[in-house]
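The sequence and structure are shown first.

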Amino acid sequence: AELYSYTEEPEFGTNRRCFEEELQRQARGRRWAQLGDAQQRGLVMRLLDGLDAAGRERRLRAARALLYLAQGTFRDCEDEGDVLRWSRHNCFLLYQMGTFSALLELLNMEMDNSQACSSALRKPAVSLADSTELRVLLSVIYLMVENIRVEQELEPPAWTSCRETFRKELSFPGQTEEPFVLLLLTMVTKFCSGHAPHFPMKKVLLLLWKVLLVGPPSRNPAGTRGRPQPPLPRAALPFLPQLPLPLQPLVKQDSLDIYNERDPFKNDEAGADEEESDEVDGGIEGELDLMEREAVIPAVPAQRPPMEKVSFPKGLPWAPKVRQKDIEHFLEASRNKFIGFTLGQDTETLIGLPRPIHESVKTLKQHKYISISDVQIKNEEELEKCPMSLGEEEVQETPCEVLYRAMLYNLPQYMIALLKILLAAAPTSKAKTDSINILADVLPEEMPITVLQSMKLGMDVNRHKEIIVKSISAVLLLLLKHLKLNHIYQFEYVSQHLVFANCIPLILKFFNQNIMAYITAKNSISVLDYPYCTVHDLPELTAESLEAGDNNQFCWRNLFSCINLLRILNKLTKWKHSRTMMLVVFKSAPILKRALKVKQAMMQLYILKLLKIQTKYLGRQWRKSNMKTMSAIYQKVRHRMNDDWAYGNDIDARPWDFQAEECTLRANIEAFNSRRYDKPQDSEFAPVDNCLQSVLGQQLELPEDFHYSYELWLEREVFSQPIRWEELLHYQ
């Protein structure tokens with residue numbers, strides 16, 4: 001449903017008419033569902049021939065007919081489920097007939113259409129009409145990607161093999177082709193640079209997200225070799241649902257009070273013991289209305305069947321982890337205290353240490369966890385030290401590896417472009433003259449003239465922005481997750497460019513709003529959503545019905561965006577003291593604390609994680625006045641043994657040169673990229689031929705004009721130069 005703006009609603013009928021005209025020519029009087037498999041394939045072949053036509057109008061009509069097929073030939077359907085079933089069947093048929101590659105060719109052609117670009121640049125306001133061809137093509141591709149990627153029970157074996165072929169086609173393009181993700185990212189950068197203001201960004205970003213979801217898991221089984229598995233199972237948080245992408249409706253969650261404890265944030269709005277003097281821009285606390293203070297997401301239904309009380313094990317929900325570095329620091333401090341000298345990185349020798357220290361080291365080692373990242377960093381250090389003896393690294397050709405190699409040299413531009421659009425779509429952004437126009441694919445040619453039309457367009461614009469935020473947050477999170485599993489320095493390269501492009505303050509600015517109002521926003525008109533609008537007669541819309549909105553008490557789309565942005569912030573700041581200090585400098589603590597009022601377990605968990613990493617820098621007074629938050633962090637977030645997060649006495653809390661940390665990381669990333677992806681011809685390690693006979697015997701390619709000027713060259717460079725034989729005696 002989010003693929004279509006409400007202003008695109010009339011196009012459903014246009015697509016149907018284009019298809020039915022072609023159907024009448026091929027199968028007079030019969031409908032699509034009544035045709036046999038061979039006849040359906042013949043009709044698709046005829047439509048594909050139309051895509052190759054020279055006339056622009058003919059191509060557009062064929063593309064619209066294909067879009068109607070991908071939308072589920074809804075005129076022949078009785079209900080929404082029927083539409084979705086036919087949409088899935090038709091999308092697999094279209095892919096089997098080679099429609100995907102034909103659409104890609106057409107999409108490339110439309111991207112390079114200079115006439116459309118110059119026409120859009122000359123217009124004072126770009127509208128839906130400027131991107132018709134692109135919107136139709138992107139919609140067909142999106143529906144194919146979404147239907148093919150989702151597995152269902154009891155589907156034909158042919159569909160399973162189709163899915164695998166499709167994954168390979170997207171992940172491993174041919175020698176001369178680039179990954180499809182790169183094509184979409186190029187559209188994003190072209191749009192942000194101002195060269196193509198008519199590109200339908202919402203559809204591009206949604207498709208980019210879905211294509212990233214299609215690829216097979218990037219985790220390489222071989223990449224985990226040599227990594228010790230944690231001896232204790234990593235317990236899953238019992239109160240956290242496994243939320244898929246995209247978010248599906250869930251049952252009511254009791255957030256932090258799942259352990260039958262009192263929720264520390266339930267009556268948090270005016271607690272005298274909480275901080276009230278935090279510096280907050282613009283007095284946002286004053287904007288919080290009664291609904292925000294009292295709302296629980298989602299609300300408890302009036303009639304609720306009795307549920308059995310779930311009993312959970314006592315103790316912390318996570319098994320604690322220990323890094324190798326933590327064991328080394330502990331032993332270093334113990335040896336200094338009891339012996340007076342240290343043994344470097346030796347964690348085995350315990351001579352001279354008292355018995356309790358032996359027990360402590362044993363416990364630490366039981367909980368030791370070595371991540372894939374640690375293994376990869378160690379391998380990189382060895383390759384950097386011994387390039388000759390270790391030889392060239394064997395890099396497995398995973399989908400992530402192919403994508404990163406293709407993205408590498410333009411990656412900073414891609415990240416900046418995505419963040420620019422995110423900034424323009426954020427609800428806290430103010431309209432500026434220099435900001436990019438992201439409404440090109442939602443504004444109609446003729447602006448509304450009645451109050452009802454204005455209200456409908458206003459909701460459409462707000463919904464449009466929410467969908468853009470949702471898709472960008474999902475794209476960034478998926479890129480970070482996949483690249484981190486493929487190689488830690490690929491992840492760090494993307495992370496560093498996001499940080500340099502001010503991603504951290506941008507996300508904090510996003511949360512510096514009435515977050516409850518954002519999550520309970522009602523910018524959807526359910527009767528206009530696909531596929532409902534295709535099989536039902538639309539009721540008459542009134543201003544009152546638009547104001548009332550739908551029956552949902554919250555917006556999953558916006559909750560999904562918030563959780564994704566918090567996870568991105570966690571990934572950027574984890575174990576990075578310089579970036580954690582950015583959270584402190586930008587006064588993120590009061591912003592994050594206000595977001596805790598959203599009663600959703602997963603969102604609260606990631607907020608608590610962000611508060612935990614900066615607690616040691618916030619000072620004793622903050623910790624003293626926020627004991628409820630401290631208790632929640634202790635109960636719900638995984639801990640590291642010897643992690644002094646609550647008091648700030650450990651070595652990590654002391655000030656140091658944070659810039660040096662980023663510079664060291666940047667040097668390591670550049671060394672990794674240079675070693676793996678730059679293949680210099682004149683390497684300093686290239687062998688040198690020292691044999692005179694061999695050197696003189698080499699065949700050299702001489703330029704064509706050399707034969708003509710050879711005698712002149714001999715005269716000038718050899719015969720006319722006096723040879724001073726006596727100088728040879730001086731060297732002897």
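R163 is buried (under 20% relative accessible area, with exposed over 50% and partly exposed in between, for a 1.4 Å probe and protein chains only), because its relative accessibility is 2%. R163 forms a salt bridge (a side-chain nitrogen of Lys or Arg within 4 Å of a carboxyl oxygen of Asp or Glu) with E155, the closest N and O atoms being 2.7 Å apart. E155 is likewise buried, at 15%.

This is a predicted model, in which local features need pLDDT of at least 70, side-chain atom pairs count only at pLDDT 80 or more, and totals for chains, interfaces and linings use all residues. Residues are numbered from 1 along each chain as its sequence is written, and side-chain values use heavy atoms, with hydrogens and water left out.

The structure holds 38 salt bridges.

| Pair | N to O distance | Relative accessible area |
|---|---|---|
| R163 and E155 | 2.7 Å | R163 2%, E155 15% |
| R149 and E146 | 2.8 Å | R149 15%, E146 21% |
| R56 and E133 | 3.2 Å | R56 35%, E133 18% |

R56 and E133 meet in a salt bridge. R56 lies in helix α3 (residues 56-70) and E133 in helix α7 (residues 132-149), so this pair ties together parts 77 residues apart in sequence. Helices are DSSP runs (H or I, at least four residues), numbered from the N terminus. R149 and E146 both belong to α7, 3 residues apart, about one turn of the helix. A network of salt bridges links E8, E11, R64, R135 and K203.

Key
Helices (H or I, at least four residues) and strands (E, at least two) are DSSP runs, numbered from the N terminus.
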